[in-house]
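Colleague: Could you walk me through how to read helix packing and burial in a model like this one? I would like the general idea and then the case at hand.

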Amino acid sequence: MNTAAFSLPPRLPGRVALANAALALLCLALALWALSLGRMEIGPADLLALIAGENTPQARVLGGIRLPRMVTAAAAGAALGISGAVIQSVARNPLGSPDIVGLTTGAATGALVQILLQGPSALGTSLAAIGGGLATAGLVYLLARRDGVVGSARLVLAGVGTGAVLAALNGLMLVQGALDEAMSAALWLAGSLAARSWMHAAPVAIGVLCLAPPLLWGARSLSLIEMGDDTARALGIRVEATRVAMAAAAVALAAIATGAAGPIPFIALAAPQIARRLGGSGQVPVLGAGLTGAALVLGGDLVTQAAAPAVNLPIGQIAGILGGLYLLGLLATRPR
Amino acid sequence: MRDGLTARGLTLGYEGRTICRDLDLALPKGEVTVIVGPNGCGKSTLLRGLCRLIAPAAGEVRLEGEDIHRMPTRLLAQRLAMLPQSSTAPPGITVADLVARGRHPHRRAFGGWSAADAEAVAHALDATGVAEMAESAVDTLSGGQRQRVWVAMALAQDTGWLLLDEPTTYLDIAHQIDLLDLFAALNRERGVSIVAVLHDLNLACRYADRLVVMAEGRIVAEGPPARVLTAELVDQVFGLPCLIVPDPVTGTPMMVPRGRHPARAAAE
């Protein structure tokens, strides 16, 4: 027998590595483009000036306005993509993404309560969004549970129901709140990357840096769990513990992203599907979905800035339009 | 018995419903054991209990003397492999990549792919006869080939014990024999101890060193098929009147059901 013939796996399958490299390059290009975009002409030299610590007007605009906006977009996109990949895998359902099962709506509820009670503050809103997201996840989990088992279809239904109630609650809060607070709350609810400061960018960037590595590491276990609980257990995976830990981290990521940029729909739903198609392997595409999410939000933000600078379209609406079209396209091209 | 798989006072069930009650069982190392019994008798539950897929309500299971419920999950998976009734292959995964997943319990969290891993996968692909399709996608294979790939994944786990829950279900008779021959070869050539749940009594008698017959959550008979399988037992356990004759090929017991309707040809 020729053992040398199969010195194969589990090389990251070449296509996945290639797809991820391409996505990373795309993100970099979009990020640089985003930095160059705006009323003031800013070039690569100004970026170097900023890094060198020079205090030119260009460097101030770059460091104080464009950089935080770009970082918020990239980090929120990556957070939503990773979160979607993990939650879809745990829920065993491509519809089990944080925006469909009410988690981003719940995060928004938390944020709205905070904005209406205390007025908008970047850090407070982020924290309130995380609290809202985690509380909603707990509620959906309890509602979906029957006889100790959480069914995939039940989870999605419980999530959609909870999301609908919370969305109505969010609307109610806007109507009931004082006008000024209601206005800023409505703006936030549209999902916007305009006027993001480091107070917005830092929590979500730190969240991604802290939570992405363990989730990337856990992707291997999740891939095994997708073959069936018994099969994964037989391979030495602690299935329940893995699932709960991964889901909790993923919910936190989606909520942090919502806190920073408002609710951006469809990224968490679409990014993992796109990444799976690009990579074409049986792995849960945590890294690919993160990169795809970052590229989608960076790209969406470029569209809002470049195409309609005067209108200042919020990223949430752009993502909604693009994501809706994507879903319809998926329905049209897929048999059945 | 210190070097076998043993259960003592084992009671198993789901959500407070007891399926198997107070079972004692001792399976020696190096044998092929086949568990048979009518539908719902608890044979799959017993198998799941023996490999810790369900926790016992009472009693214990010991693998070569060690309580399996006190062993770390990963260490147990290095010594005992289990092929459940159904597993889902991720869409698009290749045979080699799926089989490589069997190496999970041997890999360190951030460890790379070792020579031992490559060798175990190569052996598993070779032993199950799926080496030529290593680069094919699992979803393009036939049912029989796919089942061999799952067996290869369990083999790549490189364990002394292999537990199989109805591995021949959904396979045509040729593929059933094929797969059972493979298990017999693994047992004889590599000394793998095999415990399988099967439905077909005649195949069970052919391939088993030891037959475990279950009914209503209890073990009603256990031992070499030639000693265990009698017409009275089959009638008692399955409620099926039958004849037991020697298998013309192997000499092992062969069950021939009487049935209520004699064949048309014989009646005429």
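This is a predicted model: local features need pLDDT of at least 70, side-chain atom pairs count only at pLDDT 80 or more; totals for chains, interfaces and linings use all residues.

Colleague: Which residues make the contact of α4(A) with α5(A)?

Modeller: Contact means heavy atoms within 4.5 Å. On α4(A) the residues are A:L103, A:G106, A:A107, A:G110, A:A111, A:Q114 and A:I115, and on α5(A) they are A:G124, A:T125, A:A128, A:A129, A:G132, A:G133, A:T136 and A:A137. They divide into 7 nonpolar, 8 polar and no charged.

Colleague: At what angle do the axes of α4 and α5 of chain A cross?

Modeller: Axes are lines fitted to C-alpha atoms, for helices over the stretch in contact, and angles run from 0 to 180 degrees between N-to-C directions. Here α4 (residues 103-118) and α5 (residues 122-144) of chain A come within 6 Å and cross at roughly 140°.

Colleague: And how do I read burial along a helix?

Modeller: Buried means under 20% relative accessible area, exposed over 50%, and partly exposed in between (1.4 Å probe, protein chains only). An α-helix has 3.6 residues a turn, so residues three or four places apart point the same way. In helix α7 (residues 179-189) of chain A, the buried residues are A:A182, A:A185 and A:W188. Seen down the axis of α7(A), they fall within an arc of 120°, so they line one face of the helix.

Colleague: What do the buried residues of α7(A) pack against?

Modeller: They pack against α4, α5, α6 (152-176) and α10 (239-261) of chain A. The face turned away from the buried side of α7(A) carries the exposed residues A:L179, A:D180, A:M183 and A:L187.

Colleague: Is A:G207 buried or exposed?

Modeller: A:G207 is buried, with a relative accessible area of 7%. Its place is in helix α8 (residues 198-225) of chain A. Leaving aside neighbours within four places in sequence, A:G207 is in contact with A:A212, A:L253 and A:I256.

Note on methods:
Residues are numbered from 1 along each chain as its sequence is written. Chains are lettered from A and ligands numbered from 1 in the order in which they are written. Side-chain values use heavy atoms; hydrogens and water are left out. Helices (H or I, at least four residues) and strands (E, at least two) are DSSP runs, numbered from the N terminus. Ala, Val, Leu, Ile, Met, Phe, Trp, Tyr, Cys and Pro count as nonpolar, Asp, Glu, Lys and Arg as charged, and the others, Gly among them, as polar. The arc is that of the directions from the helix axis to the C-beta atoms.
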